[in-house]
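Please look over the sequence and structure before reading on.

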Amino acid sequence: MEYIISVKRRKRDEKNDYYQDFLYIADSENDTVATALTNLNLQEPLMDINGLPTTMIEWECSCLQKKCGACAMVINGRPGLACAAKLKDYKKKKISLEPLRKFPVIADLMVDRSILYENLKTLTLWLRKDIDGKKDDPEFGTMLCEKDSNLAYTASECIQCGCCLEVCPNFYPGGSFFGMSTVPVTTRLLTEMSSADIKKIAKGYMEYVYEGCGKSLACMDICPRKIPTDKLMVNSNALIFWKRRKKDVRK
Ligand code: SF4
Ligand code: SF4
Ligand code: FES
């Protein structure tokens, strides 16, 4: 099957974007966008659709199994993972590839997503050493109930790909709302934090997450890991702001 892969390109340290089309002949019906980009880049030299030599297409990947988020990009106008996007699933045989729009472009389809991690740092979402030994803490004991373990497992599926930020009407770079990508990490850690630690992250959560979300849930619809972001947010809100009622909200 023949496809035209139309790539939005930008050279490193330049600001001008342009589109370049490539003819791609799929080896298998299971070829993905990631397969196409890999095979195109194997050409020496890489030729565009007009037979003119050009530079390799810059993009990122690692696991190729929907587990790392590195290959997130905008495919035919929707954010998604290149390694999960099968070419045959698109009705048109011309497939456009663009970098995620809410992050600085490094080159071609590569973006700088360091803001995802900077936001986690601002919210101090990590376990501290003083968590060690909390198994004797009665609060910790109640928190690690079976339901929380399941929720923590679900939350740990987040791969920090940034697709949820791409579709979020309330997230923009440098804004005061950090977006849904911070919520799975919050939920994951809440299951292991003492009540004192929960208080420490509550202020940042209130300022950068809780107050900015409009609950449209576009993030849930687009998430390539199918994370129930609504449940995670409800649970995080409950544990952070209504801790005294937590037994009720977990039912
Ligand atoms: S919640 Fe989903 S879309 Fe958002 S960063 Fe995590 S895996 Fe990606
Ligand atoms: S529910 Fe809507 S506003 Fe809230 S994080 Fe998701 S997309 Fe953004
Ligand atoms: S390469 Fe890891 S999610 Fe696509």
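Helices (H or I, at least four residues) and strands (E, at least two) are DSSP runs, numbered from the N terminus.

## Basis and numbering

This is a predicted model, in which local features need pLDDT of at least 70, side-chain atom pairs count only at pLDDT 80 or more, and totals for chains, interfaces and linings use all residues. Residues are numbered from 1 along each chain as its sequence is written, while chains are lettered from A and ligands numbered from 1 in the order in which they are written.

## Confidence

pLDDT is the predictor's confidence in each residue, from 0 to 100. Its average over the protein chain is 87, and 87% of the residues score at least 70.

Residues 135-146 stay under 50. The model gives them ten contacts beyond four places in sequence, a contact being two residues whose C-beta atoms, placed from the backbone, lie within 7 Å. Residues 244-251 are also below 50, with five contacts beyond near neighbours in sequence.

## Cis peptide bond

Most residues other than glycine have a negative phi, and most peptide bonds are trans. The bond between Glu44 and Pro45 is cis, with omega about -5 degrees. Pro45 sits in the loop between helix 1 (33-42) and strand 3 (46-47).

## Positive phi

Asp108, not a glycine, has a positive phi of about 45 degrees. Its loop runs between strand 8 (105-107) and strand 9 (110-111). Asp108 counts as buried because it has 25 C-beta neighbours inside 10 Å (buried: 20 or more other C-beta atoms within 10 Å of its own; exposed: 12 or fewer; partly exposed: in between; C-beta atoms are placed from the backbone).

Thr124 is not a glycine either, and its phi is positive at about 45 degrees. Thr124 lies in the loop between helix 2 (114-122) and helix 3 (138-143). With 14 other C-beta atoms within 10 Å, Thr124 is partly exposed.
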